[in-house]
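Here are my notes for you to read alongside the sequence and the 3D view.

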Amino acid sequence: GGPVMTFEGDSDAHIVRGLIAILLSLYSGRTAREIVKTDPEAVFARIGLREHLTSQRSNGLSSMLARIRSDADAALRGASS
């Protein structure tokens, strides 16, 4: 499953801090393979998250997700070398 990954994040904005907490609960402490296989949009749909975000917050969330997935992909490539 690749290495176990741990993420940290923080923000002065309470809403962003909450989004970070959701992502940390989804991804931190999981293997790189689990991270790549996780469908965050299914989780977001289940809790109705995207419906309550401005487009700017939604774009920021997408950027954080892309970074997490990119780090997991890189960890998997590094583990197979």
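1. **What you are looking at.** Please keep in mind that this is a predicted model. The chain has 4 helices and 2 strands, and along the sequence these follow the order β-α-β-α-α-α. Its C-alpha atoms fill a box of roughly 40 × 25 × 20 Å along the principal axes.

2. **Surface and burial.** Of the 81 residues, 32% count as buried. The chain exposes about 5,200 Å², and carbon and sulfur atoms supply 51% of that area. As for how the chain folds back on itself, take the contacts with a separation of 6 or more: residues 24 or more positions apart account for 63% of them.

3. In soluble globular proteins, nonpolar side chains tend to be buried together. Here the largest nonpolar core has 18 residues, and the ones that touch the most other members are Met-5, Leu-23, Tyr-27, Ile-35, Phe-44 and Leu-61. Two or more residues come from each of helix H1 (14-27), helix H2 (32-37), helix H3 (40-47) and helix H4 (55-80). Which helix gives the most to this core? It is H4, with 6 residues.

4. **H3 against H4.** Two packed helices are described by the angle between their axes and the distance between the axes. For H3 and H4, the axes come within 12 Å and cross at roughly 145°, and the crossing is right-handed. On the H3 side the contact uses Pro-40, Glu-41 and Phe-44, which meet Leu-61, Leu-65 and Arg-69 of H4. By type, the residues of this contact are 4 nonpolar, no polar and 2 charged.

5. **Asp-71.** This residue lies in helix H4. Val-43 is 28 residues from Asp-71 along the chain, and their C-alpha atoms are separated by 20 Å.

6. **Ser-28.** You will find Ser-28 in the loop between H1 and strand S2 (30-31). With a relative accessible area of 25%, Ser-28 is partly exposed. Its contacts, apart from neighbours within four places in sequence, are Met-5, Thr-6, Phe-7 and Leu-23. The C-alpha atoms of Ser-28 and Phe-7 are separated by 5.3 Å, although the two residues are 21 apart along the chain.

7. **Met-64.** Here is another residue of helix H4. At 24% relative accessibility, Met-64 is partly exposed. Which residues does Met-64 contact, leaving aside neighbours within four places in sequence? They are Leu-19, Ile-20 and Leu-23. Met-64 and Gly-1 are 63 residues apart along the chain, with 22 Å between their C-alpha atoms.

Key. Residues are numbered from 1 along each chain as its sequence is written. This is a predicted model: local features need pLDDT of at least 70, side-chain atom pairs count only at pLDDT 80 or more; totals for chains, interfaces and linings use all residues. Side-chain values use heavy atoms; hydrogens and water are left out. A nonpolar core is a set of buried Ala, Val, Leu, Ile, Met, Phe, Trp, Tyr and Cys residues joined through side-chain atoms within 4.5 Å. Buried means under 20% relative accessible area, exposed over 50%, partly exposed in between (1.4 Å probe, protein chains only). Axes are lines fitted to C-alpha atoms, for helices over the stretch in contact, and angles run from 0 to 180 degrees between N-to-C directions. A crossing is left-handed if the near helix is turned anticlockwise from the far one by less than a right angle, and right-handed if clockwise. Contact means heavy atoms within 4.5 Å. Ala, Val, Leu, Ile, Met, Phe, Trp, Tyr, Cys and Pro count as nonpolar, Asp, Glu, Lys and Arg as charged, and the others, Gly among them, as polar. Accessible areas come from the Shrake-Rupley method with a 1.4 Å probe; for residues, only the protein chains shown count as cover.
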